[in-house]
Amino acid sequence: MKQILALVAALVVALPMSISARITVVTSTSDLAYFAKMIGGDFISVESIASPKADLHYVEMRPSYMVKVRDADAVFKVGLELDMWMDRIVDGSRNNHVKVFDCARYITPMEVPTFKADASYGDLHRFGNPHYWISPASVEPITRVILEGLSLVDPARSSFYAGNRDAFLATLDKELPAIKTEAAPLEGVEIITYHNSWPYFAEYFGIKLPGFIEKYPGVGPSPSHMRDIIDLIKQDHIKVIAMEPYFEKRVPEKIAEMTGATVVTLYPSIGGRNEGESYIDWLRGNVKALLAGIK
Ligand SMILES: [Zn+2]
């Protein structure tokens, strides 16, 4: 009992200091939270707003989100208009000292529109495709922003953060070749996806994306578009229809039924398939799902 009391007393003395020294970080997505934790380690506390299973284009506002940001030192967002809701949360939090960092800063966006599209084309990807974090090639530029952000709000630990980032990137460099080898059968393979979430991932693994169940990002399938997709699947002998976890299965399953293709669920965010999964587990999970689908 005495020992326990001594321990409690020690904690009471030690905790306030260690807590006050920690940087409070809020990210819009689980992916950015994961990267921030890899870099910040125990010197930051990280919370993310959106569920890893959520459609990140549409996250509803809740007062509890603003409470999370109220005392934050740094906020990291995906940018390219994906998570504009994060800006509204920051505004609503009335936190005057928080710094907001856009993780798209060093990304070269794919599919930047070359014409001014009207609303019938959907307005979700107006500044290029924002789903860049799904490619391993984006980890370096994303974590560069996170390192810069943490170093700005906590300059005393900038070399600690830089060392953690180097170590994390080195681990990925070691593990990624094995995943690329496992994914080799996917090279040149055509898949249909529900939303246009996967071009960065597809480029990394050499996968082709000839069509989407949505006619345009955020614009659901019309009967004529569904017929076009069915024709495309039959003509190109496409085996896989991939969908994000937040869409209704009805349409993909109907198309699969009519074409013999297989519907697989891919998870755009870390922690979507299994809570607490590592970056490599998450990536491998998506590769394995596709490999099972093309068998
Ligand atoms: Zn999108």
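Colleague: Is Ile238 buried or exposed in this model?
Modeller: The model is predicted, so local features need pLDDT of at least 70 and side-chain atom pairs count only at pLDDT 80 or more, while totals for chains, interfaces and linings use all residues. Residues are numbered from 1 along each chain as its sequence is written. Ile238 has its place in the loop between α8 and β7, where helices (H or I, at least four residues) and strands (E, at least two) are DSSP runs numbered from the N terminus. A residue is buried with 20 or more other C-beta atoms, placed from the backbone, within 10 Å of its own, exposed with 12 or fewer, and partly exposed in between; Ile238 has 21 such atoms and is therefore buried.

Colleague: Which residues does Ile238 touch, leaving aside those up to four places away in sequence?
Modeller: Two residues are in contact if their C-beta atoms, placed from the backbone, lie within 7 Å. Phe212 is 12 Å from Ile238, C-alpha to C-alpha, and 26 residues from it in sequence. With residues up to four places away left out, Ile238 touches Glu190, Ile191, Ile192, Leu232, Ile233 and Ala261.

Colleague: His237 lies in the loop between α8 and β7; is His237 buried or exposed?
Modeller: The loop that holds His237 runs between α8 (223-236) and β7 (240-243). His237 has a positive phi of about 55 degrees, although it is not a glycine. Because His237 has 10 other C-beta atoms within 10 Å, His237 is exposed.

Colleague: Glu111 also has a positive phi; how many other C-beta atoms does Glu111 have within 10 Å?
Modeller: Glu111 is found in the loop between β4 (99-102) and α5 (139-153). The phi of Glu111 is about 60 degrees, and this residue is not a glycine. Glu111 is partly exposed, because its count of other C-beta atoms within 10 Å is 15.

Colleague: Into which domains is the protein divided?
Modeller: The bounds come from an automatic or database domain assignment. The centres of the two domains, taken over C-alpha atoms, are separated by 27 Å. The division gives domain 1 (2-176) and domain 2 (183-294).

Colleague: Which element gives the largest share of the side of domain 1 that touches domain 2?
Modeller: In the contact between the domains, 24 residues of domain 1 meet 22 residues of domain 2. The largest share of the domain 1 side, 3 residues, comes from residues 30-40, which form helix α2.

Colleague: How is the side of domain 1 that touches domain 2 divided by class?
Modeller: Ala, Val, Leu, Ile, Met, Phe, Trp, Tyr, Cys and Pro count as nonpolar, Asp, Glu, Lys and Arg as charged, and the others, Gly among them, as polar. On that basis, the domain 1 side has 10 nonpolar, 9 polar and 5 charged residues.

Colleague: How is α5 oriented relative to α6, roughly parallel or roughly antiparallel?
Modeller: Axes are lines fitted to C-alpha atoms, for helices over the stretch in contact, and angles run from 0 to 180 degrees between N-to-C directions. The axes of α5 and α6 (residues 158-182) come within 9 Å and cross at roughly 165 degrees. Angles under 35 degrees count as roughly parallel, over 145 as roughly antiparallel, 65 to 115 as roughly perpendicular and the rest as oblique. The orientation of α5 to α6 is therefore roughly antiparallel.

Colleague: Which residues of α6 does α5 meet?
Modeller: The residues of this contact divide into 7 nonpolar, 3 polar and 2 charged. From α5 come Val139, Glu140, Thr143, Leu147, Leu150 and Ser151. In α6 they meet Ser158, Tyr161, Ala162, Arg165, Leu169 and Leu172.

Colleague: Which residues of α6 make the contact with α2?
Modeller: The axes of α2 and α6 are 7 Å apart, at an angle of about 120 degrees, so α2 is oblique to α6. From α2 the contact takes Met38, Ile39 and Gly40, and from α6 it takes Tyr161, Asn164, Arg165 and Phe168.

Colleague: Where is Ala74 placed, and which residue lies 7.5 Å from it, C-alpha to C-alpha?
Modeller: The place of Ala74 is in strand β3 (residues 74-77), and Ala74 counts as buried because it has 23 C-beta neighbours inside 10 Å. The residues that Ala74 touches include Ile23, Val25, Leu150 and Val153. At 27 residues away in sequence and 7.5 Å away in space, the residue asked for is Phe101.

Colleague: Which residues does Phe201 touch, not counting those up to four places away in sequence?
Modeller: Phe201 lies in helix α7 (residues 199-205) and counts as buried, with 26 C-beta neighbours inside 10 Å. His131 is 70 residues from Phe201 in sequence and 8.9 Å from it in space, C-alpha to C-alpha. The residues that Phe201 touches are Ile134 and Ser135.
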